[in-house]
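Good morning, and thank you for the time.

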Amino acid sequence: MFRRLKNKWFRIGVPGCALLALVAIVAARQWMVQDTRGRVFAAAGEMPARHVGLVLGCSPRLQNGRSNLYFRYRMQAAHELFAAGKVGYLIVSGDNHIRSYDEAGAMKDALVELGVPADRIVCDYAGFSTLDSVVRARDVFGQREITIVSQRFHAQRAVFIARRKGIDAIGYGARDLTPRCGLRTLLREQLARVKTILDLYLLNRRPRFLGDPIQIGQCGGFGMNKA
């Protein structure tokens with residue numbers, strides 16, 4: 001008797017949970033697409049100028065040692081914005097939880113190589129997540145109006161977060177990968193959108209690390225002690 005009931009609940013519960021997860025994924029995706037409509041641009045010339053751009057971090061290399069195209073295209077997009085006069089400064093925000101892994105430093109080096117002056121790049125070494133990077137742009141770097149640079153799908157989520165944190169944000173979509181090459185990242189993004197909704201509306205998640213306020217244009221960067 002118990003086994004039959006257990007099997008029955010299993011047959012009902014598993015499909016039910018799968019359906020609920022699918023509904024959550026679709027709802028989160030549509031919400032963010034609609035909320036950021038007209039705020040994520042594909043051409044630099046169409047964008048209003050902002051004092052600061054926030055470049056969201058990722059590793060410059062994949063686990064197999066190959067160059068990460070998401071990183072390369074993101075840096076090219078940030079350089080395009082700066083060269084077009086659409087941003088005056090760039091905050092490069094990434095993970096630096098261990099000395100040997102420095103996303104922000106790698107982004108700065110890549111941007112300098114592309115021609116962005118080093119004194120126009122501010123490193124944020126505590127951008128452990130998209131939410132951390134966005135909230136720190138407001139609470140540490142004092143920005144209430146920013147242009148966020150990443151691939152379009154990621155920029156949508158970041159702009160969505162920013163708008164709920166009182167930041168007037170627009171996004172610039174960097175070149176994306178083909179669906180075949182970027183399929184794993186796109187699948188992860190669907191789950192990340194659901195998690196973002198939970199973080200904002202249920203868990204009230206805060207950045208892991210903040211710090212003293214920094215005024216853009218008067219310093220070279222901020223982060224945890226790297227010694």
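Is V26 buried, partly exposed or exposed? V26 is partly exposed, with a relative accessible area of 46%. Here buried means under 20% relative accessible area, exposed means over 50%, and partly exposed lies in between, with a 1.4 Å probe and protein chains only.

Before going further, a word on the model. This is a predicted model, in which local features need pLDDT of at least 70 and side-chain atom pairs count only at pLDDT 80 or more, while totals for chains, interfaces and linings use all residues. Residues are numbered from 1 along each chain as its sequence is written, and side-chain values use heavy atoms, with hydrogens and water left out.

V26 belongs to helix α1, residues 2-35. Helices (H or I, at least four residues) and strands (E, at least two) are DSSP runs, numbered from the N terminus. Together with L19, L22 and V23, V26 makes a nonpolar surface patch of about 370 Å². Such patches consist of residues with over 30% relative accessible area and no salt bridge; nonpolar side chains (Val, Leu, Ile, Met, Phe, Trp, Tyr) are joined within 5 Å, and like charges within 9 Å. The areas come from the Shrake-Rupley method with a 1.4 Å probe, and for residues only the protein chains shown count as cover.

I turn to salt bridges. A salt bridge is a side-chain nitrogen of Lys or Arg within 4 Å of a carboxyl oxygen of Asp or Glu. By this rule the count is 12. One of them joins R50 and E145, at 3.7 Å from N to O. R50 lies in strand β2 (residues 50-56) and E145 in strand β5 (residues 145-151), so this pair ties together parts that are 95 residues apart in sequence. R50 is buried at 10% relative accessible area, whereas E145 is partly exposed at 38%. Both residues also belong to a network of salt bridges that links R39, R50, E145 and D168.

A further salt bridge connects R205 and D132, at 3.2 Å from N to O. R205 is in the loop between α6 (183-203) and β7 (221-222), and D132 is in helix α4 (residues 130-139), so the pair ties together parts 73 residues apart in sequence. D132 is buried, with a relative accessible area of 1%.

In the salt bridge of R157 with E189, the closest N and O atoms are 2.8 Å apart. This pair links distant parts of the chain, with R157 in helix α5 (residues 152-164) and E189 in helix α6, 32 residues apart. R157 counts as buried at 10% relative accessibility, and E189 counts as buried at 3%.

Finally, the aromatic rings. How many aromatic pairs does a search of the whole structure find? The search finds 3 aromatic pairs. One of them is W31 with F160, edge-to-face, at 5.3 Å centre to centre and 85° between the planes. W31 lies in helix α1 and F160 in helix α5, so the pair ties together parts 129 residues apart in sequence. Rings of Phe, Tyr and Trp (its six-membered ring) pair if their centres lie within 6.5 Å; planes under 30 degrees apart count as stacked, over 60 as edge-to-face and the rest as tilted. W31 is partly exposed at 36%, while F160 is buried at 0%. Ring pairs link W31, F160 and Y201 into a cluster.
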